[in-house]
Amino acid sequence: MKFGPIAAACLSLALSSVAFAQTTMKISISTAQNSHQGVAIDTFAKEVEKRTGGRYKIQTFYNGSLGGERESIEAVQLGTQELAFSSTGPVPNFVPETKILDVPFLFRDKAHARAVLDGPIGQDLLTKFDAKGFKALAWAENGFRHMTNSKRDVKGPEDLKGLKMRTMENPVHIAAYKGFGIITTPMAFPEVFTALQQGTVDGQENPLPVIISAKFDQVQKHLSLTGHVYSPCIFLMNKASFDKLSAADKQAFLDAAKEGTKANRARVDEDDAKGVADLRAKGMTVIDNVDKARFVAALAPVNAQFEKEFGKANLDKIRDYK
Ligand code: EAX
């Protein structure tokens with residue numbers, strides 16, 4: 001039997017739509033598209049599509065439009081959202097083992113943090129998500145966190161006493177900042193700009209890429225480069241959605257996340273390199289020579305508490321990682 005041209009065209013259309021059956025998944029961040037996190041998920045989306053021949057399409061959502069980080073992680077755990085990219089802020093509420101990463105002054109610099117996350121310690125932590133309904137695809141980066149506020153220049157830890165600051169919903173952060181004498185107000189990120197603008201809180205702390213992309217310079221006068229906490233990010237996927245993928249597609253998602261991390265870290269480096277000049281030009285006063293040793297010393301009692309909670313040997317394993 002011979003097909004006429006129209007029937008043949010219909011048949012090939014039907015075949016091609018089978019061949020290109022497309023599954024759409026969602027991924028979200030709480031920061032803007034033009035940010036280190038936006039670069040992470042945009043790269044991930046592009047790489048997944050490329051590596052699966054377009055069979056998987058990743059829809060990207062920015063600015064907490066699907067909810068804050070805790071809500072998006074909950075959605076991934078429930079499976080109402082397949083993917084999320086988040087800082088580790090709310091993550092310990094789901095996987096307590098990750099709490100150790102947010103201990104203040106744990107990492108010397110970004111190279112140290114990246115080596116730990118990409119090495120056996122970080123890779124072992126990724127496996128802890130499996131039992132909680134997640135597949136953790138890769139670590140990425142938010143950056144070293146710095147303090148901003150609307151009241152005064154913070155040069156030493158004594159200047160933090162009595163400042164009302166928004167913190168992440170993270171028990172390690174809250175304990176540490178209380179140790180500085182800060183009045184802590186845990187709050188989801190999408191609410192922070194308005195809280196700063198209305199004076200509900202005096203300040204907040206975040207890496208330069210977040211301060212810049214969230215335009216906190218519009219509502220904060222003083223920035224101190226305290227670098228008190230290294231803040232990782234993570235690519236999370238619903239475990240059942242990941243398990244449904246073929247072996248080759250699983251690898252494609254893992255590799256896409258790695259590419260996302262590469263682009264994300266490069267953007268953090270770029271923002272860190274030009275961020276201070278940029279924020280000064282926008283009117284912020286930047287204290288770039290804080291006496292770190294005094295900030296570390298002020299946290300001695302809290303650190304003793306952390307050593308008890310996490311084990312000094314575990315903390316040293318991270319501190320001494322080469
Ligand atoms: O992930 O909540 C926070 O301060 C985070 O650092 C921010 O949402 C970027």
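Q: Asp-118: buried, exposed or partly exposed?
A: Asp-118 is partly exposed, at a relative accessible area of 44%. Buried means under 20% relative accessible area, exposed over 50%, and partly exposed in between, with a 1.4 Å probe and protein chains only. This is a predicted model, where local features need pLDDT of at least 70 and side-chain atom pairs count only at pLDDT 80 or more, while totals for chains, interfaces and linings use all residues. Residues are numbered from 1 along each chain as its sequence is written, and side-chain values use heavy atoms, with hydrogens and water left out.

Q: Where is Asp-118 found?
A: In helix H4. Helices (H or I, at least four residues) and strands (E, at least two) are DSSP runs, numbered from the N terminus.

Q: And what separates Asp-118 from Asp-271?
A: Their C-alpha atoms are 22 Å apart, and the two residues are 153 residues apart along the chain.

Q: Switching to the ligand. Which residues surround the ligand?
A: Ser-30, Thr-31, Gln-37, Glu-69, Ser-87, Asn-142, Arg-145, Arg-166, Met-168, Phe-189, Asn-206 and Val-210. A residue is near a molecule if one of its heavy atoms lies within 4 Å of it.

Q: How does that shell split by class?
A: The shell has six polar, three charged and three nonpolar residues. Ala, Val, Leu, Ile, Met, Phe, Trp, Tyr, Cys and Pro count as nonpolar, Asp, Glu, Lys and Arg as charged, and the others, Gly among them, as polar.

Q: What about oxygen atoms of the ligand and the side chain of Arg-166?
A: A side-chain N or O atom of Arg-166 is 2.7 Å from a ligand oxygen atom. For Arg-145 the distance from a side-chain N or O atom to a ligand oxygen is 3.0 Å. A polar side-chain atom of Gln-37 also lies 2.7 Å from an oxygen atom of the ligand.

Q: How much of the ligand does the protein bury?
A: The protein buries 99% of the 260 Å² that the ligand exposes when taken alone. Accessible areas come from the Shrake-Rupley method with a 1.4 Å probe.

Q: Now Thr-88. Buried or exposed?
A: Thr-88 counts as buried because its relative accessibility is 0%. Thr-88 is found in the loop between strand S3 (83-87) and helix H4 (110-118).

Q: Which side chain does Thr-88 contact?
A: Asp-102, through a polar contact of 2.7 Å between the side chains. A polar contact is a pair of N or O atoms within 3.5 Å; within protein, one must be able to donate a hydrogen and the other to accept it, and residues adjacent in sequence count only if both atoms are side-chain atoms.
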